[in-house]
Amino acid sequence: MGSPQERALEASRQVALVVGASLVVALCARITIPLMPLTPVPLTVQNMGVLLVGMLLGSRRGFAALALYLVEGAVGLPVFSTSAVGLHGIAQILGPTGGFLMVYPFVAFLAGYIFERGPKTFLHAATAGLLAEILLFAGGLTWLYVFTHSLAKAAYLGLYWFVAAEVIKIMLAAGIASRWPGRTRRAVKH
């Protein structure tokens, strides 16, 4: 197990990884293309950040990083992409894009869970990313359905505009995760 100092150092390292990962997602949220008046859901690099955090940190730390991210945003820190309808903090989590935000910890968990249990190949990473994105859009579209009471309207606002970009984000995340130093031969130890 190591000395108390070694355990404290390792715990500090783990906390720093989780906090750092939440900040990486916040930076990714700043790279955005607003799509108003077509949809209140912006096109961001945030989803790719969520996939990367899950695959690189693993399921548990990925979940923790994105749970922390939601707490940071809920208390008003400027970590979310700019709301097209002017919402901030907890109101943004409960707003039209909230379904996507609320499932981020689970998306990171799923991407990490799948990726850490198989070969560290591009195909395996892409599969993990695709399945995690399906979960992401299931949460986001369900929440939009609550707002619109129409599955067609929810798909129009939260899916059609994003499919091509999401494929690119999955491929980029898979390429990075499968080539990340230390990830190609072994899973990250938790």
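Biologist: By class, how many nonpolar, polar and charged residues does the lining of the largest cavity have?

Modeller: First, the ground rules: this is a predicted model, where local features need pLDDT of at least 70, side-chain atom pairs count only at pLDDT 80 or more, and totals for chains, interfaces and linings use all residues. Residues are numbered from 1 along each chain as its sequence is written, and side-chain values use heavy atoms, with hydrogens and water left out. Ala, Val, Leu, Ile, Met, Phe, Trp, Tyr, Cys and Pro count as nonpolar, Asp, Glu, Lys and Arg as charged, and the others, Gly among them, as polar. The lining of the largest cavity then splits into nine nonpolar, eight polar and two charged residues.

Biologist: What volume does the largest cavity have?

Modeller: A cavity is a set of points on a 1 Å grid over the protein atoms alone where a 1.4 Å probe fits but cannot get out. Grid points are joined across faces, edges and corners, and a volume is the space filled by probe spheres set on the points. The whole structure holds one cavity of 30 Å³ or more. The volume of the largest cavity is about 200 Å³.

Biologist: Which element gives the most to the lining of the largest cavity?

Modeller: Lining residues have an atom within 4 Å of a point. There are 19 of them, and Val41, Pro42, Thr44, Gln46 and Tyr104 lie nearest the centre. Elements are DSSP runs numbered from the N terminus: helices (H or I, at least four residues) and strands (E, at least two). With three residues, the element that gives the most is α5.

Biologist: How many residues of α2 are buried?

Modeller: Buried means under 20% relative accessible area, exposed over 50%, and partly exposed in between (1.4 Å probe, protein chains only). Gln46 and Leu57 are among the buried residues of α2. The helix is mostly covered, and the count is twelve of twelve.

Biologist: Why does the pair of Phe100 and Phe137 count as edge-to-face?

Modeller: Rings of Phe, Tyr and Trp (its six-membered ring) pair if their centres lie within 6.5 Å; planes under 30 degrees apart count as stacked, over 60 as edge-to-face and the rest as tilted. A search of the whole structure finds seven aromatic pairs. In this one the centres are 5.4 Å apart and the planes stand at 80°, so the pair of Phe100 and Phe137 is edge-to-face.

Biologist: Which helices does that pair of Phe100 and Phe137 link?

Modeller: Both Phe100 and Phe137 are buried. They sit 37 residues apart, in distant parts of the chain. The helices are α5 (residues 98-116) and α6 (residues 122-148).

Biologist: Are the planes of Phe109 and Tyr113 stacked or edge-to-face?

Modeller: Both residues lie in α5, four residues apart, about one turn of the helix. Phe109 is partly exposed at 33%, and Tyr113 is partly exposed at 36%. The ring centres are 5.8 Å apart with 20° between the planes, and the pair is stacked.

Biologist: Is His149 buried or exposed?

Modeller: His149 lies in the loop between α6 and α7 (151-158). Its phi is positive, about 60°, although it is not a glycine. Most residues other than glycine have a negative phi. At 64% relative accessibility, His149 counts as exposed.

Definitions and conventions. On a 1 Å grid over the protein atoms alone, a cavity is a set of points where a 1.4 Å probe fits but cannot get out, and a pocket is an open set with protein on both sides within 12 Å along at least five of seven lines; lining residues have an atom within 4 Å of a point.
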